[in-house]
Amino acid sequence: MKRRTFFLGIAGAAGCTPRGPRLNVFNWSNYIASDTIARFEAETGARVRYAVYESNEEMLARVISGNSGWDVVFPTNYFIEPMRAMGLLARLNLDLLPNRLDLFDEFQAPEWDPRLEWSMPYMWGCSGILYHERVAPAPRRWADMWDDRFRGRLTMLDDPAEVLGAALLKLGLSLNETSEAGLRRAQAEAIRQKPLVRAYLNAEVRDQMVAGDILACQLWATTAQQAMDEAPELRFAFPEEGFPLYADCAVVLKESDRAELAHRFIDYLMRPEVGAAIVRESRTATCNLAALRVLGEVLPPTLHLDQPVLARGQWFAAMPSVAQRLRDRLWTEIKSA
Amino acid sequence: MNRVRAWCLAPTAGVLATLFLIPLAILLGYALLTRGAYGGAFPPWTFENWQRLADPLYLGILGRSVAVALVSTAICLVLGFPLALFIARAGRRKHLYLYLVILPFWTSFLVRTYAWMFLLRDTGLINEALLALGLIEEPLPLLYNYGAVILGLVYGYLPFMVLPLYATLERLDPALLEAAADLGARPWQTLRRVVAPLSMPGIRAGSLLVFIPCLGAYLTPDLLGGGKTILVGTLIQNQFTNARDWPFGAALSLGVMAVVMALLMGLIRRQDEGVL
Amino acid sequence: MRLLPWYAAAVFVFLHLPLLVLAVFSFNESRFTVWEGWSLRWYRAAFGDAQLIEATWNSLLIGAAATALATAAGTLCAYGLWKRASRWISTSLSLSLVTPEIVMGIALLAFFQWVFRYLGVRLGMHTVILAHLMFCLAYVVIVVLARLRTMDRTLEEAAQDLGATEWQAFWRVTLPALVPGIGAAALLAFTISFDDYVITSLVAGVDSETLPMVLYAMARRGANPVVNAISTLIVFGLGLLIVAAERMRET
């Protein structure tokens with residue numbers, strides 16, 4: 001009896017939301033402006049439930065059940081094919097997304113989804129080297145991250161794709177190498193580097209760079225830019241051997257029963273003035289050319305790459321099953337070394 | 001007699017069956033399936049995932065995890081036993097002390113871990129203080145090693161040791177201690193010969209409650225260990241996220257459970273009565 | 001033995017110092033770990049964050065519900081086991097204890113997916129509470145049983161010899177003596193429930209985001225003083241509550 005009363009109480013508490021359609025959006029942190037949601041709600045009368053995540057794995061763990069309740073999420077480009085294969089994504093209705101024409105040419109037909117059937121590119125980024133200006137000579141190449149002068153004051157990202165990627169690029173191989181011989185060579189490089197590495201850290205390294213604990217780290221450009229905004233003595237390098245590129249894209253989940261509203265939200269995010277406001281506040285790298293034009297200010301090079309630099313970048317690709325398993329094993333061996 | 005007992009056991013039995021045994025059976029099914037191209041688990045049925053468990057790489061990781069968990073449990077016992085004894089004898093104030101043990105643990109585990117990162121960093125409070133006192137010239141590398149991981153685990157799970165210890169020590173008849181003293185036993189002898197044996201149920205329960213989460217922990221090794229080493233919790237987590245190898249992850253988890261179950265059985269058989 | 005209070009004091013310092021440092025830094029003006037002067041900006045930010053407030057509320061609600069259910073079921077179960085052991089219940093409970101969190105999370109997720117398919121249940125508060133009930137249960141049984149094991153069986157028998165029914169013997173004799181054990185078990189259950197991230201994050205739906213989930217997302221973005229602020233508030237708030245409760249007990 002008591003139990004039943006309690007559950008009824010909870011059901012009541014959960015049910016007391018106002019009328020009007022509701023859209024549930026799950027996005028990376030720091031990816032919208034403070035008034036983005038409020039303006040959309042005012043315009044459409046819909047209510048938006050907005051929550052944030054910090055990694056693709058975290059997002060996938062939440063939506064993988066197919067009954068999570070989320071409508072729109074933002075996987076990184078190499079997660080789109082796996083999610084589609086798992087039957088999680090709904091096919092996009094391009095008629096409802098006219099603003100897609102404002103995207104950069106590169107994102108009109110990206111290699112991971114050439115006809116934009118499943119995903120709309122939203123923000124892009126890359127990883128490179130963030131370092132302290134007192135480091136001389138400044139690191140220019142991934143190979144510099146194997147230099148003994150950084151011993152104990154160096155971190156790499158805690159991600160097999162990134163660490164193996166840096167080693168592969170250092171060896172002149174492809175970022176998305178699948179051959180066992182190539183991956184083994186990269187693994188040997190990573191193990192050789194491990195004694196110099198203080199830790200494998202993701203976003204946590206940002207304030208350690210600002211405080212000066214760490215002198216050089218492998219880091220995403222947008223996170224690096226946040227550190228540089230706080231500490232002007234930090235510099236960012238796009239390694240000469242090449243560097244990984246990625247794009248976070250908006251998708252509609254198959255489980256969503258508000259697909260039309262979901263499309264409307266995605267198209268709203270792609271409006272030039274909305275995109276410009278987001279970039280102004282969050283300091284991220286938008287995929288939307290028109291938004292940059294509206295913004296009208298010169299972005300720092302970490303957020304807006306020159307064509308010659310961009311040409312060195314390589315897009316992360318989804319790994320076939322066998323290669324993924326091999327990479328995971330190599331990564332486990334690196335960690336156990 | 002039997003009817004009352006049956007009614008007492010029924011709710012737990014129901015919960016265990018629906019929310020534990022059935023889900024576990026589903027997991028066992030996963031462990032016998034083949035990995036899908038991008039995750040999930042599909043036919044055909046196979047034992048391959050179980051064969052991979054025998055790999056020295058994975059056995060080594062398991063051994064290291066057991067060692068870390070054992071050391072953490074031992075430290076928790078050394079720190080927790082005197083504390084529990086003190087609280088049990090604190091009279092009117094004992095509830096307050098008990099709450100003082102629990103209080104730090106109402107903040108998120110992650111926040112507590114971050115607090116230690118705060119203290120142990122190169123520019124953290126401990127290093128800054130030692131530098132200011134002139135005791136060291138270079139910051140000590142306190143963070144990102146096994147010591148930091150064990151410290152974090154001890155800090156994280158100490159109340160799991162203190163609470164059951166307190167529950168048994170509190171029941172201990174003070175007259176027994178007086179009797180021992182009257183018969184000429186020194187305090188240390190009393191502790192070893194009287195208090196410790198009588199509090200064995202609490203020691204066993206506490207050690208179990210600490211050992212198991214330490215064995216499966218993955219946030220602490222990643223945050224305080226700086227991801228430089230891999231323990232079995234992280235390995236399992238990786239299978240369900242990065243590696244997207246659910247069947248192997250399922251086999252791995254069931255394998256770990258089998259190992260711990262074996263330990264548990266040994267513990268129960270050696271003692272006349274089990275923890276449960 | 002005379003050193004015991006000092007030893008206990010040292011352990012208390014070990015337990016509280018890190019959080020004290022965190023609390024002090026929640027009043028720091030800078031968002032990084034460099035001291036720049038006193039400020040309340042992170043507290044203002046915490047109170048202005050609707051997501052954070054709602055998640056705290058969710059966590060308290062889930063913790064209370066799961067603790068109440070797990071303590072009731074677990075205490076009864078411990079009593080039943082104390083009377084006479086039950087091999088399959090003991091084994092299942094032990095098994096639930098040795099299950100790594102991530103495994104239990106995945107197993108529960110798989111189960112809820114399956115239930116969903118046939119019953120049309122979505123993930124939400126109810127799935128989180130059920131999951132928490134599940135993983136708190138064994139802890140309650142262990143703690144209460146440890147307490148029961150130190151008790152004298154003959155007391156109940158004596159009560160029954162004096163004419164009490166079995167139920168009365170339990171209610172009047174055993175249960176009152178068990179109260180400290182039950183209290184400790186409930187505290188433990190609430191602590192575990194309030195703190196869980198791994199399992200919760202897997203079985204939570206859109207409206208059941210808990211505090212650890214929000215804190216995790218925040219902390220992963222780097223040291224965020226809002227996290228320090230909200231933790232300080234929780235410890236301080238619950239601490240006050242406890243002191244008040246102690247005062248009432250003493251008078």
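## Domains of chain B

Domain bounds here come from an automatic or database domain assignment. In this predicted model, that assignment divides chain B into domain 1, covering 62–228, and domain 2, covering 230–262. Between the C-alpha centres of domain 1 of chain B and domain 2 of chain B there is a distance of 27 Å.

## Where the two domains touch

The contact between these domains involves 11 residues of domain 1 of chain B and eight residues of domain 2 of chain B. On the side of domain 1 of chain B that touches domain 2 of chain B, at least two residues are supplied by each of α3, α10 and α11 (219–224) of chain B, and α3(B) gives the most, with four residues. Sorted by class, this side of domain 1 of chain B holds seven nonpolar, two polar and two charged residues.

## Where chain B meets chain C

The contact between the chains draws 75 residues from chain B and 82 residues from chain C. On the side of chain B that touches chain C, several helices of chain B each supply at least two residues, among them α1 (2–31), α3 (56–88), α7 (146–169), α10 (200–216) and α13 (246–270). The helix that gives the most to this side is α1(B), with 17 residues.

By class, the side of chain B that touches chain C is made up of 60 nonpolar, 11 polar and four charged residues. Helices α3 and α10 of chain B, which each supply at least two residues to the side facing chain C, also each supply at least two residues to the side of domain 1 of chain B that touches domain 2 of chain B.

Key: Residues are numbered from 1 along each chain as its sequence is written. Chains are lettered from A and ligands numbered from 1 in the order in which they are written. This is a predicted model: local features need pLDDT of at least 70, side-chain atom pairs count only at pLDDT 80 or more; totals for chains, interfaces and linings use all residues. Two residues are in contact if their C-beta atoms, placed from the backbone, lie within 7 Å. Ala, Val, Leu, Ile, Met, Phe, Trp, Tyr, Cys and Pro count as nonpolar, Asp, Glu, Lys and Arg as charged, and the others, Gly among them, as polar.
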